[in-house]
Amino acid sequence: MTQREKIVAHVAQMVVTLGVKSVRMDDVAQSLGMSKRTLYEMFGDKEELIYESARYHSEHRAKEILSSLGHYDTGIEQLLACSYALLNGGVMLEVDKRMAINLKKFYPAIHERLSRCHIEQSFAGLQCVLDYSMANGELDPSVDVELMTRLFFNTMQTLLYENTAVIPDEITREEAFSAMLINFLRGIASERGREIIDQILSRSPRPLTLEERRAAKQNKE
């Protein structure tokens, strides 16, 4: 790891721990035991350092998720495993969401750069998995993979990261996303693909419906 990479990784942790607004160049320099002048010589300005650090956080987390996954013979299994690992019980998702909101508020130019980069990488990854699923006979041959990728990706972004999505009080965003993902895959899957989905779902208890959740809540009151 080069000195530049070590600085970026260090500041990425500061951004996650303190929040992007609270990261000051003086504090960064002091915590690293170097002069603020050296930081400016290496990165030009604070915005470039924040951008590289936020991007490092996003890419490092994606690598961690991928490395934690096992080998899957089907694209559907791979996509579901990756999605569930990404949500991680909502903990890491909230960190990312908070970072995105703060960047958009305090560093809109950085937020725009990161969003473009994230969209390009995520879209390419999603289409790659769906292309594999198509070649593996898991999707309906009539499905337009690129169109479905774009529609799903845009819906996913809105559901997980935008406050405009109206989620019923009885479920979390993560649960809503899981339900949407399963139904999206069912809609484009071949008979073989639906069998794979059913096999995966059979390994876990069936999620409660909204009606069942409301009834359970009323019984507790």
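Okay, Ser83: at 8% relative accessibility it counts as buried, where buried means under 20% relative accessible area, exposed over 50%, and partly exposed in between, with a 1.4 Å probe and protein chains only. Ser83 sits in helix α5, residues 75-87. When I say helix, I mean a DSSP run of H or I with at least four residues; strands are runs of E with at least two, and both are numbered from the N terminus. Leaving out residues up to four places away in sequence, Ser83 touches Phe177 and Leu181. Touching, or contact, means heavy atoms within 4.5 Å.

Quick housekeeping. This is a predicted model, where local features need pLDDT of at least 70 and side-chain atom pairs count only at pLDDT 80 or more, while totals for chains, interfaces and linings use all residues. Residues are numbered from 1 along each chain as its sequence is written, and side-chain values use heavy atoms, with hydrogens and water left out.

Now zoom out. How many helices and strands does the protein chain have? There are 11 helices and 0 strands. The C-alpha trace spans about 60 × 50 × 30 Å along its principal axes. Of the 221 residues in the chain, 38% are buried. And if you take the contacts with a separation of 6 or more, 64% of them are between residues 24 or more positions apart.

Thr149 is in helix α8, residues 145-161, and at 0% relative accessibility it counts as buried. Set aside its neighbours within four places in sequence, and Thr149 is in contact with Phe123, Leu126, Gln127 and Leu130. Take Leu126: from Thr149 it is 23 residues away in sequence, but 6.7 Å away in space, C-alpha to C-alpha.

Next, helix packing. Two packed helices are described by the angle between their axes and the distance between the axes. The axes are lines fitted to C-alpha atoms, for helices over the stretch in contact, and the angles run from 0 to 180 degrees between N-to-C directions. For the wording, under 35 degrees is roughly parallel, over 145 roughly antiparallel, 65 to 115 roughly perpendicular, and the rest oblique.

Start with α1, residues 3-18, and α4, residues 46-68: their angle is about 80 degrees and their axes are 8 Å apart. That makes α1 roughly perpendicular to α4. On the α1 side the contact includes Ile7, Val11 and Val15, and on the α4 side it includes Leu49, Ser53 and Tyr56. By class, that contact has 10 nonpolar, 2 polar and 2 charged residues. For those classes, Ala, Val, Leu, Ile, Met, Phe, Trp, Tyr, Cys and Pro are nonpolar, Asp, Glu, Lys and Arg are charged, and the others, Gly among them, are polar.

α1 also packs on α3, residues 36-43, at about 105 degrees with the axes 12 Å apart. So α1 and α3 are roughly perpendicular to each other too. Gln3, Arg4, Ile7 and Val8 of α1 meet Leu39, Met42 and Phe43 of α3.

How do α9 and α10 pack? Their angle is about 155 degrees and their axes are 9 Å apart, which makes α9 roughly antiparallel to α10. Ile182, Leu185 and Arg186 in α9 meet Arg194, Ile197, Asp198 and Leu201 in α10. That contact splits into 4 nonpolar, no polar and 3 charged residues.

On a 1 Å grid over the protein atoms alone, a cavity is a set of points where a 1.4 Å probe fits but cannot get out, while a pocket is an open set with protein on both sides within 12 Å along at least five of seven lines; lining residues have an atom within 4 Å of a point. Points are joined across faces, edges and corners, and volume is the space filled by probe spheres set on them.

The second largest pocket has a volume of about 680 Å³. Its lining is 20 residues, and Glu175, Ser178, Ala179, Ile182 and Pro207 lie nearest the centre. α9 gives the most to that lining, with 8 residues. The lining divides into 11 nonpolar, 4 polar and 5 charged.

As for cavities, there is 1 of 30 Å³ or more. The largest cavity holds about 70 Å³, and its lining is Val15, Val16, Gly19, Val20, Val95, Arg98, Met99 and Asn102. Which element gives the most to that lining? It's α6, with 4 residues.
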